[in-house]
Amino acid sequence: RTIYTAGRPPWYNEHGTQSKEAFAIGLGGGSASGKTTVARMIIEALDVPWVVLLSMDSFYKQEQAAHNNFNFDHPDAFDFDLIISTLKKLKQGKSVKVPIYDFTTHSRKKDWKTLYGANVIIFEGIMAFADKTLLELLDMKIFVDTDSDIRLVRRLRRDISERGRDIEGVIKQYNKFVKPSFDQYIQPTMRLADIVVPRGSGNTVAIDLIVQHVHSQLEERKLRWDMAALASAHQCHPL
Ligand code: C5P
């Protein structure tokens, strides 16, 4: 998955105090719902410098690596502590190192990748809204709601062509873990979202609206930080 970074915005003023905070978007939804495609479309339409895409896949716990029959669709499969500390740092404009996950071996690769502080962070994953502390870090929550038959067909194609699986294995895993976990852990988080996007990436109207909102939030924040900087320069109370 591509990382969209191109340098580092000025996060700290000459006194070393933080001068802004990134806008964090959470993107949840079932497996193969089109989360990554929606994220890419948002990034493209946003057209702002320094947007970073953080994927939950990077945070699968390592110790389950060898398990063939493991439930990768359970909240316990993810390292939420690492996700939270990573997101906190990124929001403060700090660079982070994140693990790279290999779906063919079910384990982390040796190398880690570096992500740099950005104006906008898009955090995507099936359990994006499954943790209370994590939810509080997200400034906007989007749920991609794609029909389960479409998700299954996409997942079959993707897992066979990209993740080294066979048809029987994908169907078995889907019935045993993916579908029940979607019903139990993922679908119920839809009510926590600010926006639900039916059909995923095909919904260009929803993507336009999301982009408009992010733009207006960035403007508003910039104004707020600028005012605060001005106030502190004049040693009066920030607004
Ligand atoms: O990209 P997507 O959001 O679909 O990735 C999440 C899915 O990856 C989960 O539904 C999980 O079943 C699957 N997965 C897997 N094998 C792993 C790790 C995750 O099939 N080793």
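Residues are numbered from 1 along each chain as its sequence is written. Because the model is predicted, local features need pLDDT of at least 70 and side-chain atom pairs count only at pLDDT 80 or more, whereas totals for chains, interfaces and linings use all residues.

**Figure 1. Overall secondary structure of the protein chain.** The protein chain contains 6 helices and 7 strands, where helices (H or I, at least four residues) and strands (E, at least two) are DSSP runs numbered from the N terminus. Along the sequence, these elements follow the pattern β-α-β-α-β-β-β-α-β-α-α-β-α. Of the 239 residues, 33% count as buried; a residue is buried if 20 or more other C-beta atoms lie within 10 Å of its own, exposed if 12 or fewer, and partly exposed in between, with C-beta atoms placed from the backbone. Among contacts between residues at least 6 apart in sequence, 76% join residues at least 24 apart, a contact being a pair of residues whose C-beta atoms, placed from the backbone, lie within 7 Å.

**Figure 2. Packing of helix H4 against helix H5.** The axes of H4 (residues 148-161) and H5 (residues 167-186) come within 10 Å and cross at roughly 135°. This angle makes H4 oblique to H5. Axes are lines fitted to C-alpha atoms, for helices over the stretch in contact, and angles run from 0 to 180 degrees between N-to-C directions; those under 35 degrees count as roughly parallel, over 145 as roughly antiparallel, 65 to 115 as roughly perpendicular and the rest as oblique. The crossing of H4 past H5 is right-handed, the term used if the near helix is turned clockwise from the far one by less than a right angle, and left-handed if anticlockwise. H4 contributes Leu-152, Arg-155, Leu-156, Asp-159 and Ile-160 to the contact, and H5 contributes Ile-167, Val-170 and Tyr-174. By class, this contact has 6 nonpolar, no polar and 2 charged residues; Ala, Val, Leu, Ile, Met, Phe, Trp, Tyr, Cys and Pro count as nonpolar, Asp, Glu, Lys and Arg as charged, and the others, Gly among them, as polar.

Figure 3. Asp-47 lies in the loop between helix H1 (35-46) and strand S2 (51-55). Although Asp-47 is not a glycine, its phi is positive, at about 50°. Asp-47 counts as exposed because it has 9 C-beta neighbours inside 10 Å. Trp-50 is found in the loop between H1 and S2 and has a positive phi of about 65°, although it is not a glycine. With 18 other C-beta atoms within 10 Å, Trp-50 is partly exposed.

Figure 4. Lys-61 is placed in the loop between S2 and helix H2 (80-91) and is partly exposed, with 16 C-beta neighbours inside 10 Å. Not counting residues up to four places away in sequence, Lys-61 touches Ala-77, Phe-78 and Asp-79. The C-alpha atoms of Lys-61 and Phe-177, 116 residues apart along the chain, are separated by 17 Å. Arg-191 belongs to the loop between H5 and strand S7 (195-198) and is exposed, with 9 other C-beta atoms within 10 Å. A separation of 8.8 Å is found between the C-alpha atoms of Arg-191 and Phe-143, 48 residues apart along the chain.

Definitions and conventions: Two residues are in contact if their C-beta atoms, placed from the backbone, lie within 7 Å.
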